[in-house]
Amino acid sequence: MRLIRKHILIALIYFFTIACLGLSLRLFAIFDIPANYKFLVHTHSHIALLGWVYTALMSLLMFLYCREKIKSRGYNLIFWFTQITIVGMLFSFPFTGYALFSIIFSSLFLIASYFFAAYFFKNVSKEDKKRASYKLVRASIWFLIISSIGPWSLGYVMTALGKTSPWYRNAIYFFLHFQYNGWFLLALTGIFLFLLEQKGFKLKNRIFRIVYYLLNSGIVLGLFLSGLWMKPAGIFYILAALGGLLQLIAYYLLFRSVSAERITEYLPKRTFNLFKIAALLLAVKLFAQLAGAVPVVANMVTFNPDLVIAYLHWIFLGIISLSILAALDYHQLLTFGKISFAIYIAGFILTEILISYRGIGYRLGLPLPDNSLYIVLASILLLMAVTKILVSQFYLLKKTPK
């Protein structure tokens, strides 16, 4: 238990780091900061996805399915090699952006993720492989591997076509799509189902098969949504809409089946409330994704950085991070109080409102007052909440027997 809590502490340090970086990026609008804004954006995004979320999910999945292997030499080599690559990115991106060392560490991270996938698949027990939750997790890890095609292709695209090529942006969108919708959300869906399975809940095989194939098909087709910025032929809008619709139906069937079993009897109140908020945020995301396949909406969002950031933060800070915190709290791998939760939610909601308001106002051509200071203040709330959770983890680790 102590070792896994130590790994979660490392993940939370990354969470704290990206909260600091996020605040720094907001301060650029107010102060003259002697740093490269674009380089910090690269650092922020890489440490968010590959530091906080990846490390937390990696640790959670090992704890749930391969607990006896957490202390093994093989897993610890993979874990610490992964951490070296993340720290390498943390100390190279801010100073060089995409350059020799940051590319080397990013590439090594992808290789580390392949080793993790192979190790995980090999060490899950035959009994656990029969679980519905594992099948979702397995698919999510395959999407993690598939997402790496995007970064690997960047070298060729930059050399042969240049950064101005639309395929440069599409390679990045390919990576982000399968990270967010495939790896992150599908893994967390599997983890949520695992918690219920531990309490005796069993999803009917017929329902699970429908949910499984709808989700995976929807994720693959949802990739077309990432290419609508190019204003392609109408068929691509139809395929993007179909992808969004399949995911919406799949999650509806899953949550309807789960809610019919009165999951409040399966999960503690706080865990249930966290997952309930994440589910509501997921519902909004699914409807927004479906609306994004409509040409008018797609055109409104395209090249509007505030709306794109608001959407990504909605998923990252809302759905993904809250779900991770819920799962970790349920297994007593971290602890946080009501104040930390309240501050976090307040910061999250305020930043979403302020950033979205600015994005919508800009699109509609409305005269907007400068709300940069308010966004900074909301970002401070997020940093306060994450700091409080991190400090609590230090105290929890200190009390954990060696």
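**Figure 1. Helices H14 and H15 are roughly antiparallel to each other.** This view, like those that follow, is taken from a predicted model. The angle at which H14 and helix H15 (residues 372-399) pack is about 155°, and their axes lie 8 Å apart. Because angles over 145 degrees count as roughly antiparallel, the pair is described in that way. The crossing of H14 and H15 is left-handed. On the H14 side, the residues that meet H15 include Ile339, Ser340, Ile343, Tyr344, Phe348, Leu350 and Arg358. Among their partners in H15 are Ser372, Tyr374, Ile375, Leu381, Met384, Lys388 and Ile389. The contact of H14 with H15 is made up of 17 nonpolar, 5 polar and 2 charged residues.

**Figure 2. A cavity is lined by residues that include Ser340, Tyr344 and Ile389.** The structure holds 1 cavity of 30 Å³ or more, and the volume of the largest cavity is about 30 Å³. Its lining consists of Leu274, Leu322, Leu325, Phe336, Ser340, Phe341, Tyr344 and Ile389. Two elements, helix H13 (305-330) and helix H14 (338-364), each give two or more residues to this lining. H14 supplies the largest share, 3 residues. By class, the lining has 7 nonpolar residues, 1 polar residue and no charged residue.

**Figure 3. Helices H6 and H8 form a left-handed crossing.** Helix H6 (residues 132-147) packs with helix H8 (residues 166-198) at an angle of about 165°, and the two axes are 8 Å apart. H6 and H8 are therefore roughly antiparallel to each other. In the contact of H6 with H8, 17 residues are nonpolar, 7 are polar and 1 is charged.

**Figure 4. Helices H9 and H10 meet in a contact with no charged residues.** The axes of helix H9 (residues 205-222) and helix H10 (residues 234-259) come within 7 Å, with a crossing angle of roughly 150°. This angle means that H9 and H10 are therefore roughly antiparallel to each other. Their crossing is left-handed. From H9, the contact includes Ile207, Ile210, Val211, Leu214, Ser217 and Gly218. From H10, the contacting residues include Leu239, Gly243, Leu246, Gln247, Tyr251 and Ser257. The contact of H9 with H10 divides into 16 nonpolar and 6 polar residues, with no charged ones.

Definitions and conventions:
Residues numbered from 1 in each chain as written. Predicted model: local features only at pLDDT ≥ 70, side-chain atom pairs only at ≥ 80, totals over all residues. Heavy atoms only, no water. 1 Å grid on protein atoms, 1.4 Å probe; cavity = no way out; pocket = protein on both sides within 12 Å on 5 of 7 lines; lining within 4 Å. Points joined across faces, edges and corners; volume = space filled by probe spheres on them. Helix = DSSP H or I, 4+ residues; strand = E, 2+ residues; numbered from the N terminus. Nonpolar A, V, L, I, M, F, W, Y, C, P; charged D, E, K, R; others polar. Axes fitted to C-alpha atoms, helices over the stretch in contact; angles between N-to-C directions. Parallel < 35°, antiparallel > 145°, perpendicular 65-115°, else oblique. Left-handed = near helix turned anticlockwise from the far one by under 90°. Contact = heavy atoms within 4.5 Å.
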